[in-house]
Amino acid sequence: MKKGTLKQILLITDGCSNSGEDPVAMAALAKEQGITVNVIGVMQNDTVGEEGRREIEEIALSGGGISQIVYTKQLSQTVQMVTRKAMTQTLQGVVNAELKQILGKTSTIEDLPPEKRGEVMEVVDELGETVDLEVLILIDISGSMKDKISTVKEALFDLSISLNSRIGKNRFSIFTFPGKRGDADKILDWTPKLDSISSIFPKLTSGGITPTGPAIRAAIQQFSVKKSRTLRSWISDDDEYIEETGF
């Protein structure tokens with residue numbers, strides 16, 4: 001039986017956007033379409049600046065995701081942690097929405113008796129291992145990221161390896177921004193493994209403005225989006241789901 005698909009945009013950046021649409025608004029648009037936006041801020045000279053920190057947090061909040069600010073050397077572990085934590089958070093949100101419909105507007109997992117809460121969390125954990133996962137990785141390659149690209153490559157390779165133990169299928173795509181001729185460039189189409197990134201990253205050249213909002217918009221367009229985010233859509237067969245929802 002094929003499970004539902006979790007969709008994530010993983011934004012890796014070290015600075016503030018300075019061109020195009022508001023990235024916070026674009027993250028909200030992604031969330032409306034069932035795509036979680038997570039943001040990892042890579043520290044430069046021990047800081048990302050107050051404005052950068054605020055933008056990173058607001059993009060993730062608006063996109064229903066998680067934000068984390070790290071030193072470059074911690075990037076690999078953080079990429080894995082954020083991806084998995086966001087999966088759990090998304091599934092918990094779906095379960096809470098179902099509980100509110102069944103038990104009332106204020107009911108959440110935390111309101112359940114301990115025994116029932118444990119049973120629900122077991123379901124969430126199991127779904128986290130069995131649902132299909134699509135992660136579009138959106139990498140800021142503006143000038144200040146030049147010295148961090150090799151670490152980003154290693155972090156993404158480690159992410160691919162760490163998720164191989166899951167039962168659910170993993171698919172990755174990589175976009176960079178700013179693009180050579182536009183806001184963002186696709187440098188790797190959807191693939192189950194990130195083995196090929198070693199040949200891609202040496203070709204990347206850093207520089208230019210930081211069009212984070214337009215880049216998120218370009219990323220959204222790469223997903224085939226279903227509007228419904230019910231618990232049934234995560235655990236039911238795709239054909240049955242399409243028949244029931246019309247999507």
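1. A residue counts as buried when its relative accessible area is under 20%. In this predicted model, the buried residues of helix H7 are Thr212, Gly213, Pro214, Ala215, Ile216, Ala218, Ala219 and Ile220. Helix H7 spans residues 212-220 and is mostly covered, with eight of its nine residues buried.

2. What do the buried residues of H7 pack against? Their partners are the strands E1, E2, E4 and E5, together with helix H1 (23-32) and helix H2 (50-62).

3. The largest nonpolar core has 39 residues, and Ile12, Val79, Ile137, Leu156, Ile174 and Phe201 touch the most other members. At least two residues of this core come from each of the strands E1 (5-13), E2 (35-42), E4 (132-140) and E5 (170-177), and from each of the helices H3 (75-103), H4 (114-130), H5 (149-162) and H6 (197-200). Helix H3 gives the most, with seven residues.

4. Ile12 shows how these parts meet. Beyond its neighbours within four places in sequence, Ile12 is in contact with several residues, among them Ile40, Val42, Val79, Ile137, Met145, Val152 and Leu156. A second, separate core holds 26 residues, including Val37, Ile56, Ile69 and Ala218.

5. Ser142 lies in the loop between E4 and H5. Is Ser142 buried or exposed? Ser142 is buried, because its relative accessible area is 4%, and the cut-off for buried is under 20%.

6. The side chain of Ser142 makes a polar contact with the side chain of Asp140, at 2.6 Å. Thr205 is 63 residues from Ser142 along the chain, and the C-alpha atoms of the two are separated by 8.7 Å.

Key
Residues numbered from 1 in each chain as written. Predicted model: local features only at pLDDT ≥ 70, side-chain atom pairs only at ≥ 80, totals over all residues. Heavy atoms only, no water. Core = buried A, V, L, I, M, F, W, Y, C linked by side-chain atoms within 4.5 Å. Buried < 20%, exposed > 50% of the residue type's maximum accessible area, 1.4 Å probe, protein only. Helix = DSSP H or I, 4+ residues; strand = E, 2+ residues; numbered from the N terminus. Contact = heavy atoms within 4.5 Å. Polar contact = N/O pair within 3.5 Å; in protein donor to acceptor, adjacent residues only side chain to side chain.
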